[in-house]
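Q: I'm new to this one and would like to learn how to read its strands and helices. Can we go through it together?

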Amino acid sequence: MEPAGDPLRRLREAFRAGRTRPAEFRAAQLEGLGRFLQDNKQLLLDALAQDLHKSAFESELSEISISQGEVNLALRNLRAWMKDEKVPKNLATQLDSAFIRKEPFGLVLIIAPWNYPLNLTLVPLVGALAAGNCVVLKPSEISKSTEKVLAEVLPRYLDQSCFAVVLGGPEETGRLLENKFDYIFFTGSPRVGKIVMEAAAKHLTPVTLELGGKNPCYVDDDCDPQTVANRVAFFRYFNAGQTCVAPDYVLCSPETQERLLPALQSAITRFYGDDPRSSPDFGRIISEKQFQRLRGLLGCGRVAIGGQSDASECYIAPTVLADVREAEAVMQEEIFGPILPIVPVRGLEEAIEVIARREKPLALYAFSNSCQVVKRVLACTSSGGFCGNDGFMHMTLASLPFGGVGASGMGRYHGKFSFDTFSHHRACLLRPPGMEKVYALRYPPYSPRNLRLLLTAMEAHSCTLL
Ligand code: NAD
């Protein structure tokens with residue numbers, strides 16, 4: 001590990017020298033990233049299992065294959081994404097060349113959290129490298145085993161003059177943030193997001209903030225409770241609930257709550273057996289600190305399912321809390337664990353009211369046999385992303401932007417959105433050196449006739465007259 005100042009200087013010099021700009025160089029970095037994932041698959045699976053007791057199934061699905069998919073997509077489309085984008089012109093610019101050039105920002109900092117420690121580090125990295133930036137990666141210090149692989153193995157696959165891993169927790173990251181970066185991409189909590197944005201503001205550095213929050217899940221009376229329970233349980237308890245887009249709480253009528261409870265119990269038993277603690281498919285809480293926080297939330301509402309915990313292995317059973325009231329602690333913070341509160345509401349309109357008076361979430365879910373109901377929830381609310389009749393499947397599509405709105409963050413990525421996020425969109429107009437007689441219309445002495453001509457020529461719509 002180098003002291004922070006040195007790699008930054010080295011990276012900036014490499015960027016200034018233009019090293020990262022050619023498409024061949026970018027492709028070579030992306031290929032290196034792909035090889036890193038292939039060559040070290042078992043090492044990564046082991047690290048994720050050590051950090052989060054993550055099953056190979058969940059790790060392959062949500063960490064390795066998503067990262068590999070992003071690498072492949074970027075490699076297939078790199079040249080098309082890099083191309084100047086021609087734009088419509090007006091009469092005044094008909095002889096000119098008008099286009100948007102996607103330029104790399106320069107030196108980019110990516111700060112990642114611990115819950116998907118590979119995915120949330122590498123997926124932004126794909127965008128940053130494809131866009132031709134030099135990158136400093138700051139993985140989470142909490143997911144120690146994955147951090148070690150990223151620090152010790154990943155750099156061997158990338159050009160070290162343009163890429164560095166900096167390690168550390170809040171203190172070291174705070175010091176790192178004192179440096180001037182050209183772009184900062186942060187994934188983590190809203191609390192630290194504010195710290196990052198404040199540090200970025202000192203240098204006027206643009207930021208993407210991928211934050212968390214409480215994702216509502218409305219369940220309509222008109223639904224098949226078992227299908228809904230399977231889907232909600234799967235997405236709530238995936239990675240032991242430590243997922244920023246997991247359904248955080250259910251809103252439904254008291255009658256639907258009573259139909260959902262046995263269905264949720266059945267889903268949990270089918271997924272994880274009678275004793276989820278012995279299931280190889282159920283994860284653990286990342287740390288003692290998070291475990292204690294979550295255990296404190298188990299007193300809310302009425303424990304209808306689960307509720308057991310074991311500090312010695314940071315285990316919290318898949319839990320459902322029924323009859324939870326909005327004022328209770330479990331409804332005041334992002335849960336980020338395997339606890340699902342059900343908050344009874346009178347019906348759809350009250351559910352929409354509850355959602356609308358809270359901060360805008362990262363994701364929102366609505367389950368109903370009626371597409372009118374799903375569409376009404378969509379139309380009357382706002383969130384980073386939305387999925388009707390399922391959990392966070394919307395974020396598996398690289399053709400959809402992923403990101404928050406309001407308190408759940410700003411900016412977007414995945415697929416081409418990542419490339420665009422890490423590129424400055426430079427407005428370019430190349431004009432002919434001659435034509436001075438025509439252009440002279442704009443010079444003083446001004447006349448009403450010339451003003452009329454100019455206003456007509458500068459109308460915004462595309463013109464094919466010339
Ligand atoms: P966190 O905010 O505590 O930490 C994230 C990163 O910031 C880590 O690398 C950490 O080292 C660094 N950091 C922590 N404190 C800092 C400080 N004072 N100054 C500078 N840097 C600091 O988040 P976490 O606990 O790692 O992750 C959980 C949070 O992340 C949840 O809120 C979750 O919703 C959110 N999250 C969001 C997304 C998303 O895509 N929107 C994805 C995953 C997690």
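Q: How many bridges join strand S8 to strand S15?
A: Strands of a sheet pair through backbone hydrogen bonds, either parallel or antiparallel. In this predicted model, S8 (residues 216–219) and S15 (residues 363–367) run parallel, and three bridges join them. Take cysteine 217 as an example: its bridge partner in S15 is tyrosine 365.

Q: And in what order do the strands of the open sheet come?
A: Read across it and you get S10-S13-S14-S9-S8-S15-S16, seven strands with mixed pairing. S10 (302–305) and S16 (385–388) are the edge strands, since each pairs on one side only. From one strand to the next, the twist averages 25°.

Q: Which strands do helices H9 and H13 lie across?
A: H9 lies across S8, S9, S13, S14 and S15, at about 135° to S14. H13 (residues 371–380) lies across S8, S15 and S16, and runs at about 170° to S16.

Q: At roughly what angle do the axes of H9 and H10 cross?
A: The axes of H9 (residues 225–237) and H10 (residues 254–272) cross at roughly 55° and come within 8 Å. That angle is why H9 counts as oblique to H10. The crossing is right-handed.

Q: Which residues make that contact?
A: On the H9 side they include Pro225, Val228, Ala233 and Phe234, and on the H10 side Leu260, Ala263, Ile268 and Phe271 are among them. By type, the residues of the contact of H9 with H10 split into 13 nonpolar, three polar and two charged.

Technical notes
Residues numbered from 1 in each chain as written. Predicted model: local features only at pLDDT ≥ 70, side-chain atom pairs only at ≥ 80, totals over all residues. Heavy atoms only, no water. Axes fitted to C-alpha atoms, helices over the stretch in contact; angles between N-to-C directions. Helix = DSSP H or I, 4+ residues; strand = E, 2+ residues; numbered from the N terminus. Parallel < 35°, antiparallel > 145°, perpendicular 65-115°, else oblique. Left-handed = near helix turned anticlockwise from the far one by under 90°. Contact = heavy atoms within 4.5 Å. Nonpolar A, V, L, I, M, F, W, Y, C, P; charged D, E, K, R; others polar. Pairing = 2+ DSSP bridges.
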